[in-house]
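Please read the points below beside the sequence and the model. They are written for someone who has not seen this structure before.

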Amino acid sequence: RGRELPGSFKYHVPPNRGYNLYLTVDETIQHIVEKELDWVISEAAPKQAMAIAVEPQSGAILAAASRPDFDPDNYARYNPDSWSLAPITSSFEPGSTFKTIVLAALIEEGLYDPHEAYHCSGHITVSDQQINCWTHDRGGHGTVTYYDALALSCNPTFITMANKLGKEKLVAYAEAFGFGKLTGVDYPGESSGMIFRSEQIGPLELATSAFGQGISITPIQQVMAIAAIANGGYLYSPYLVKDIYNQEGEIVYSHSPLLVRQVVSAETTKIVAELMENVILEGTGHAAEMDGYRVAGKTGTAEKLGDDSTYRTDYFIHSLVGFAPLEEPRIALYVAVDGITRGPRYGSFTSAPVFKRIMEETLNYLNVPPSETDKDDSDEHSFEENQLELE
């Protein structure tokens, strides 16, 4: 109880002077991220919201936060689930954001033909199981080229892509991009997620993996994979601690960017980035389009398992991952909103606006000049915007 024992002796042990710790976190960007997460919590009342921003050319974490939050001075009053940093410690099915990995692998293997067409009837049958596209209730997308597939986020088309790629190569590229293993970030409690081994994959597992179902990833894995697309194909190890100084001002530790591997070629990433820009301009990520900046992104809507181990139809994780500006990326960002309970239950009303506002404010803060673009708003690949909210 902290009571002094009779006859005890007291010894004074002077404290050692501590080190000064310098993080990669930018205080202003962190404030922007937390402010926008607070906004989506107040507007949509989700179970959880999170975001993480990194510098694509180094892996330095510029900001990371999750809600609900807690007061470190009174942490015992809060649910322990809120103590950890969810973008690093949590894992869940990615949904359609994983399609960027399938696409990058297909292009790198020389199997991508932008003019090849596929007919989406709204579903596809694999091993006697019907797998629906998000447009199944209206008869599907119809004729879809691989060029349009990412913007439309067409599941049957990506299942066809995965079959062309094959299970061994799909697993190899997923692992090369850092999925299924720890990133090595200097923060405790990191989750590794889970992807199938090739020997575990049958036709059905290959099909569902193509659109990010049946596997689990972490937000930090996802943002680092997209950072590799942004920087020309190089996967870096993420880090939070930049330098440590002693009280005399001497550096006792300094972290330099750690390159893990080159995953794909710069030519491949250029194609993927342009198709990701099409997602923002004409596709499911249209709500994240920004005036003055070219943005690359991919949306995801992941179903969640209920208590009976079946997928719920009323509970989703809406996410958006991407980078900007397209021509010289300064920031890669991942945003996820889990379990909306108020208002429209679409990513276009939650994750996309949060992504847009964080990215806009961050680019303005960094004094990034506007993009030079001659994009034509009346592009031949455009389609009805009212379809986009349902992906």
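1. Basis. The model is predicted: local features need pLDDT of at least 70, side-chain atom pairs count only at pLDDT 80 or more, and totals for chains, interfaces and linings use all residues. Residues are numbered from 1 along each chain as its sequence is written, and side-chain values use heavy atoms, with hydrogens and water left out.

2. Nonpolar cores. A nonpolar core is a set of buried Ala, Val, Leu, Ile, Met, Phe, Trp, Tyr and Cys residues joined through side-chain atoms within 4.5 Å. Buried means under 20% relative accessible area, exposed over 50%, and partly exposed in between (1.4 Å probe, protein chains only). The largest core has 80 residues, and Phe-177 and Phe-323 have the most contacts inside it. Helix α8 (residues 219-230) gives the largest share of this core, 9 residues. Apart from it lies another core, of 31 residues, including Leu-37 and Met-359. Helices (H or I, at least four residues) and strands (E, at least two) are DSSP runs, numbered from the N terminus.

3. Contact means heavy atoms within 4.5 Å. With neighbours within four places in sequence left aside, Phe-177 is in contact with residues including Ile-101, Ala-104, Ala-225 and Val-263. Thr-268 is in helix α9 (residues 266-282) and is buried, at 3% relative accessibility. Its contacts, on the same exclusion of neighbours within four places, are Ala-104, Ile-107 and Glu-108.

4. Leu-326. This residue is in the loop between β13 (311-324) and β14 (331-338). Is Leu-326 buried or exposed? Leu-326 is buried, with a relative accessible area of 12%. Beyond its neighbours within four places in sequence, Leu-326 is in contact with Ala-273, Glu-277, Arg-294 and Ala-296.

5. Cys-133 is in no disulfide; the nearest cysteine sulfur, that of Cys-120, is 4.0 Å away. For Cys-154 the closest cysteine sulfur is also in Cys-120, at 3.6 Å, too far for a bond. Cys-133 is buried at 1% relative accessible area, and Cys-154 is buried at 0%.

6. Salt bridges. There are 11 salt bridges, each a side-chain nitrogen of Lys or Arg within 4 Å of a carboxyl oxygen of Asp or Glu. Glu-34 pairs with Arg-67, with the closest N and O atoms 3.0 Å apart. Glu-34 lies in helix α1 (residues 27-44) and Arg-67 in strand β3 (residues 61-67), so the pair ties together parts that are 33 residues apart in sequence. Glu-34 is partly exposed at 26%, whereas Arg-67 is buried at 9%. Glu-34, Asp-38, Arg-67 and Asp-69 are linked in a network of salt bridges.

7. A further salt bridge. Lys-169 and Glu-109 form a salt bridge, with the closest N and O atoms 2.9 Å apart. The pair links distant parts of the chain, 60 residues apart: Lys-169 is in helix α6 (residues 167-176) and Glu-109 in the loop between α3 (99-108) and β4 (117-120). Lys-169 is partly exposed at 38%, and Glu-109 is partly exposed at 30%.

8. Surface patch. Phe-9, Tyr-11 and Val-13 make a nonpolar surface patch of about 480 Å². Patches are made of residues with over 30% relative accessible area and no salt bridge, with like charges joined within 9 Å and nonpolar side chains (Val, Leu, Ile, Met, Phe, Trp, Tyr) within 5 Å. Accessible areas come from the Shrake-Rupley method with a 1.4 Å probe; for residues, only the protein chains shown count as cover. Phe-9 is in the segment before β1 (20-23) and is exposed, with a relative accessible area of 69%.

Conventions
A disulfide is a pair of cysteine sulfur atoms within 2.5 Å.
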